[in-house]
Amino acid sequence: MEYTKITEQASLHNDLEQLSTGDLLQKINEEDQKVAQAVTKVIPQIEKLVDATVERFQKGGRLFYIGAGTSGRLGILDASEIPPTFGMPHDRVIGIIAGGDIAIRKAVEFAEDNTFQAWKDLQDFNIDSNDVLVGIAASGTTPYVLGGISDAKANGILTAGITNNPGAPLAEQADIPIAINVGPEFVTGSTRMKSGTSQKLALNMISTALMIRIGRVKGNKMVDMQLSNNKLVDRGTRYLVEALNLEYSDAKAALKKYGSVREAISALKS
């Protein structure tokens, strides 16, 4: 397959070691400003993925992310924020990284080169046709991700692929390709930079829009967030002060009694 591997193209900037700290930071920022515009161009594909995932989620389906290295870590990061932010169970949005959980902190050599391991990892969760699988790979060529996407498709599972190389194998294989062309990296080939940033933006959009569409946000508030620390208790209390016109102390007592912003609003407005 012939395509341009943009993620491996030479940086638009040269002699980096000769630049001052200020110049380095300015030029990195200039490159970063290109990322949001690149994501804008793939919103129609992200919309298609979100709508398809909402349909399956409402029937009890789940959303899976698979990736290696930075891409895998970003998927796990997005998945791990869903329970505290939206009060969803941990088993509804699931991130899996090549090499297992140890790879979250430390690179596992050659883990991404195993074409068959992703499907084995997914089998631990009994993935089925009610679910959605999103493969994340800046290069679009990671064997771990490609193998998982291929096996999932063979088993009737809807797949999407987030890559930074339009035309790459991942974009060709996935049912819904999300190919974000951010151009060459500031440091040649360092896809933890613009490519990783674009993936984070796309994942934010996917999971946040999904949670809103299935009713986990009211107005613009996280009414189902877990009250797991004092900061979040204070935030929930202030939500109730605003929504119900209560004194702070009364709002905090109501939050403690009902256990969530949603339940407190429902009980006190009825």
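Partly exposed, as I use it here, covers residues from the 20% limit for buried to the 50% limit for exposed in relative accessible area. I am working from a predicted model.

Entry 1. I looked up D175. Its relative accessible area is 34%, so I noted D175 as partly exposed. I then looked for its charged partner and found K153, with the closest N and O atoms 3.9 Å apart in a salt bridge. K153 lies in helix α6, residues 143–154. D175 lies in the loop between α7 (169–173) and β5 (176–179). The two are 22 residues apart, and I noted that the pair links distant parts of the chain. K153 has 37% relative accessibility, so I put K153 down as partly exposed too.

Entry 2. I turned to K221. Its partner in a salt bridge is E242, and their closest N and O atoms are 3.4 Å apart. This pair also links distant parts of the chain. K221 sits in the loop between α8 (194–213) and α9 (230–244), while E242 is in helix α9, 21 residues away. E242 is exposed, at 58% relative accessibility.

Entry 3. I checked D224. It forms a salt bridge with R216, and the closest N and O atoms are 3.5 Å apart. At 12% relative accessibility, D224 goes down as buried.

Entry 4. I asked how many salt bridges the structure holds. I recorded ten. I also recorded a network of salt bridges that links E31, K34 and K194.

Note on methods
Residues are numbered from 1 along each chain as its sequence is written. This is a predicted model: local features need pLDDT of at least 70, side-chain atom pairs count only at pLDDT 80 or more; totals for chains, interfaces and linings use all residues. Side-chain values use heavy atoms; hydrogens and water are left out. A salt bridge is a side-chain nitrogen of Lys or Arg within 4 Å of a carboxyl oxygen of Asp or Glu. Helices (H or I, at least four residues) and strands (E, at least two) are DSSP runs, numbered from the N terminus. Buried means under 20% relative accessible area, exposed over 50%, partly exposed in between (1.4 Å probe, protein chains only).
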